[in-house]
Amino acid sequence: MKRAVCPGSFDPITYGHLDIIKRASAQFDQVVVAVLENRTKSSLFTVAERIEMIAETTATLPNVSVDSWTGLLAEYCKNNSITAIVKGLRAVTDFDYELQMAQLNLQASGVETMLMATAPAHSFLSSSLVKELAHYGGDVSTMVPPNVNAALKLRVGGK
Ligand code: PNS
């Protein structure tokens, strides 16, 4: 049984995340989408809200589950018999950070990191950009699933 984790802050989940989760679910027996803390970011949605949005948008993927964790990703992998971390790589600007994390997690727990090329349609997409757009009333309906779009409208008053 090959188990992978798609970790992230998912504040909120975007179609870019969803694309990576779907493609990871085709490669592994089980995929856990884990909402983790990124200490460099402040969040718009609570962890419970983020979990609910992810669970709704991944409901059609039978081998995908959602979880959260407040410690190290390497520790989460060890505790849950997860042998692979799957993350999306949008552009070369993601590379340094992702490589550093991958090497650190490999050293910490022996867990492999698979960096999956983001679909070109999503290469510019980030949760931060979505929040910025929504904050100023921009249309984010092509960037996030409908439930997330509705939650953003309620939270930041976007159109
Ligand atoms: O979606 P993000 O914000 O790019 O995801 C980053 C995340 C949450 C995966 C990363 O910050 C993380 O792994 N946080 C958990 C704590 C940890 O293991 N940090 C790295 C080693 S110090």
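In which helix is the place of D19? In this predicted model, D19 is located in helix α1, and the residue is buried, its relative accessible area being 18%, a value that falls under the 20% below which a residue is counted as buried. When the neighbours within four places in sequence are left aside, the residues in contact with D19 are A119 and H122. The separation between D19 and E112 was also computed: the two residues are 93 apart in sequence, and their C-alpha atoms are 20 Å apart in space.

Helix α1, which spans residues 15–25, is also included in what covers the buried residues of helix α5, as is helix α6, which spans residues 146–156. Within α5 itself, which runs over residues 127–135, the buried residues are S127, V130, K131 and A134. These residues cover an arc of only 100° around the axis, and they therefore lie on the same side of α5. Helix α5 is followed by G137, a residue whose phi is positive, with a value near 80°.

The surroundings of the ligand were examined next. The ligand is surrounded by 13 residues, of which S9, E37, N38, K41 and L73 are the closest. A polar backbone atom of E37 is placed 3.0 Å from a nitrogen atom of the ligand, whereas in the case of K41 an N or O atom in the side chain is 2.7 Å from an oxygen atom of the ligand. For L73, a backbone N or O atom is found 2.8 Å from an oxygen atom of the ligand. Taken alone, the ligand exposes 550 Å², and 78% of that area is buried by the protein.

The cysteines were considered last. A disulfide is a covalent bond that joins the sulfur atoms of two cysteines. With a cut-off of 2.5 Å between cysteine sulfur atoms, the count of disulfides comes to 0. C6 takes part in no disulfide, the nearest cysteine sulfur being that of C77, at 11 Å.

Definitions and conventions: Residues are numbered from 1 along each chain as its sequence is written. This is a predicted model: local features need pLDDT of at least 70, side-chain atom pairs count only at pLDDT 80 or more; totals for chains, interfaces and linings use all residues. Side-chain values use heavy atoms; hydrogens and water are left out. Buried means under 20% relative accessible area, exposed over 50%, partly exposed in between (1.4 Å probe, protein chains only). Helices (H or I, at least four residues) and strands (E, at least two) are DSSP runs, numbered from the N terminus. The arc is that of the directions from the helix axis to the C-beta atoms. Contact means heavy atoms within 4.5 Å. A residue is near a molecule or strand if one of its heavy atoms lies within 4 Å of it. A polar contact is a pair of N or O atoms within 3.5 Å; within protein, one must be able to donate a hydrogen and the other to accept it, and residues adjacent in sequence count only if both atoms are side-chain atoms. Accessible areas come from the Shrake-Rupley method with a 1.4 Å probe; for residues, only the protein chains shown count as cover.
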